[in-house]
Amino acid sequence: MSSGITVPSWLPPAAPIHPAAPQVTDVVDTKLDVRFDYAHQHLLGTAVLTLHPHFYPQGTVVLDARGFDVKSVQLLGAKTPKTLIYKYDGRQLAITLDHAYPREQTYQVRISYVAKPNELPSGGSEAITSDKGLYFINPLGKEEGKPRQIWTQGETQSSSCWFPTIDHPNQRMTQEITMTVEDQFKTLSNGLLVASKKNPDGSRTDTWRQSLPAAPYLTMLAVGDFAVVSDTWHGKAVDYYVEPKYKNTAKAVFGRTPEMMDFYSKKLGVEFPWEKYAQIAVRDYVSGAMENTTATVHGAAIQATSRELLDANYETSESIIAHELFHHWFGDYVTCESWSNLPLNESFANYSQYLWAEFKYGADAAALVQQQDLAHYIEEADSKREPLIRYHYTNREDMFDRHSYEKGGRVLHMLRKYLGDDAFFAGLNNYLTKNKYTAVEISKLRIAFEETTGEDLMWFFDQWFMQRGHPELKISHSYSNGQVLLHVQQTQDTLFQPVFRMPVTVTVWQKEKPTDHRITITKADQTFSFLAADKPTMVKFDSEGQLLAQLDEARTQDELIFQFYHAQNYLQKYESLDQLQNKTTDFGVSGMMRNALSDNFFAVRRSALDHLRGYRGPSANAVKAEIQRLATTDPHSAVRSQALLTLASFPNDNYAPTYQAALRDSSYLVEAGAVDALAKVPSLVARSQIAALDNTSNSTLLVALASYYAQRGTIDQYGWYLRRLPDLTDIDLYTYLQAFGSFMTQVPVVEREKGVQKLESIARTHPQYFVRLGAYRGLMALVPSQPDLKNVLFDIKNKETDERLKAAYNLM
């Protein structure tokens, strides 16, 4: 699962619990026959479950079933179904069987029920913002411009909101789902479509069968008006379900999937194991994406027009596609046996994003992935440090954090660098082959690598998976008597974190020649020596950039400039630019920055532009001219957009013609950058050009316009803010609503009623908690001029049930 949502997280207070659940019964197979009540947003279902006791004889079976109306429970097998006695508390269904069954004997129960997901208490997390399992989107077709859809989201334990099961990741079942739907709708579920028939009443009944066993949380269905674009891989269907208007660009978004399947299959030595692979984009999705077996669900934002694809970047779409596909080995084929072991799913899926970038786009693109992931983890680690494998947690949803994803991916990269590629991928093959279609703990992964390499790896798994934190290193070097002395101190608080053992490469440059030294750090304070005939030009610790650590590495300005020009990877170039950004008045640093503006890798150019904001160093006019050239001619839209923002940092220079020209750029991102730049340089000509963009369909550009009008707008834009609200993605709504609140400070209080009511309604009722937060902040902006809103905000705060928002409101 990929969260795809970057918003603040607040952990609700609760007592730690032990997550282990007794597995006394196993679900072997599930057959579902479902229909949908659109008016009430109910699912009418019949479930036939084949079960058997795990070990001990069982006379009672307990199933998870949340918020159902249970109509009947019967035992099948005899000529006549036998009605069974049951107890139901709204969350679990305890069924008394006709006798105690031994573990060798299977039995079948049939349950008729009505699932009512909208009547369940609201819940969710930062990663999965709602947990009601089954979602009706625009069920009655009353929301103009929004399709009617039904879809499910089972992770973590929400499949039991729409069918009875044992809702734990250590279960494995085959399944068959029969859906009766309106004939104009497409359906999708796990496995293969094995039957489809039209009914006399104009409906259609589709049956999907998955013959390979998977965990219940990976079960899915989707219904809606989708265009299906077909592809293949090794004779297996590879399909992309999108809204019809995106049919012609579906392959541009998803079309690398077969190549990914080929790459991962060869890299792991295990061919993609499932019957087919489909991906579907749905509206109002509650997560980033979800790796349901054979049928991944994405949020609608992954769809794109031809023009939007000009701004597509690896991080926002292709990396997510890679992530969810890789789950079909790590998560679906081999599954974490408890949410405590979630990194066995998510760390691998995270690392797959690095692997695909490395293979498809090269070392620099992979290093950019690593840099971003490390930064995300370090940001979270400022307030939260937990072991990767957590046997005690407040809530299982807490596991879906930057530890399980970004930290875990970086840990796997260190293991790969330590073992070498051949051993690393052979170990993964061993792990997958021996544990296929089972649920596992972290020890299984360690043992697979130990069996492969013959090496005891307990030290690595203990410090990186079982203990919290990361190394914080202070590094310095000196030269005397033909030796380089490297001093390494571990400065992290070792009362709560270990002293880490770290194999790492140190590169010593003498003039133009690098020499690599492999060292292993084992102590809190350690000095290493290397022979060197001359004083080194540079000494670079962790020259491969593979450590998950925070480094305070002493180097001179000359060393950092040398590092840039002799960089062995993108990370070394970025580090030089970053550490010297405040010294651009120096000729050497200025030259380095200008050189970076013509680097082959876009992220280097973008970084240099960011650091040149407000530049006052040598050849300032020439530097500004180069920035202006990049704003108009760079092939990468992210670089052009950054160049516009950098130009806007020179308040005494008139670049309005460049900004105005950028308003006609082919890229929405560049147009948005031009709007942001023009907000700092008011112009009557620009205002009319910006107004011409008011009807854009692009959410990113709408946010830029909202920010512009909050600073430079008039009451004439009041109706525009209200009219465009339905056109934004949920992520962009978070920012847009705050801009709307800022804009309304310019509107007379007596004319604000409609806008205030809209913000209040969203703050109270929007299904996404972070959108409610954006609306709440929009209202807060109005309090100084409208004090009566304090009571409204107080009431919203008191009636909010989401613990994350309650914590956030208490901080405001």
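**View 1. Arg-416 and Glu-358 form a salt bridge, their closest N and O atoms being 3.1 Å apart.** A salt bridge here is a side-chain nitrogen of Lys or Arg within 4 Å of a carboxyl oxygen of Asp or Glu. This is a predicted model, in which local features need pLDDT of at least 70, side-chain atom pairs count only at pLDDT 80 or more, and totals for chains, interfaces and linings use all residues. Residues are numbered from 1 along each chain as its sequence is written, and side-chain values use heavy atoms, with hydrogens and water left out. The pair links distant parts of the chain, since Arg-416 belongs to helix 6 (residues 403-419) and Glu-358 to helix 4 (residues 343-361), 58 residues apart. Helices (H or I, at least four residues) and strands (E, at least two) are DSSP runs, numbered from the N terminus. Arg-416 counts as buried at 5% relative accessibility, whereas Glu-358 is partly exposed, with a relative accessible area of 28%. Buried means under 20% relative accessible area, exposed means over 50%, and partly exposed lies in between (1.4 Å probe, protein chains only).

**View 2. Asp-373 and Arg-410 meet through their side chains in a salt bridge of 3.1 Å, N to O.** Because Asp-373 lies in helix 5 (residues 363-381) and Arg-410 in helix 6, the pair ties together parts that are 37 residues apart in sequence. Asp-373 counts as buried at 7% relative accessibility, and Arg-410 is buried with a relative accessible area of 3%.

**View 3. Arg-613 and Asp-610 are joined by a salt bridge between their side chains, at 2.9 Å from N to O.** At 49% relative accessibility, Arg-613 counts as partly exposed, and Asp-610 is partly exposed with a relative accessible area of 27%.

**View 4. Asp-183, Lys-198, Arg-204 and Asp-206 are linked in a network of salt bridges.** The structure as a whole holds 43 salt bridges.

**View 5. Cys-161 and Cys-336 have sulfur atoms that lie 18 Å apart.** A disulfide is a pair of cysteine sulfur atoms within 2.5 Å, and by this rule the count for the structure comes to zero disulfides. The cysteine sulfur closest to that of Cys-161 is the one in Cys-336, which is too far away for a bond; Cys-336, likewise, is in no disulfide, and its nearest cysteine sulfur is that of Cys-161. Cys-161 is buried, with a relative accessible area of 0%, and Cys-336 is buried with a relative accessible area of 0%.
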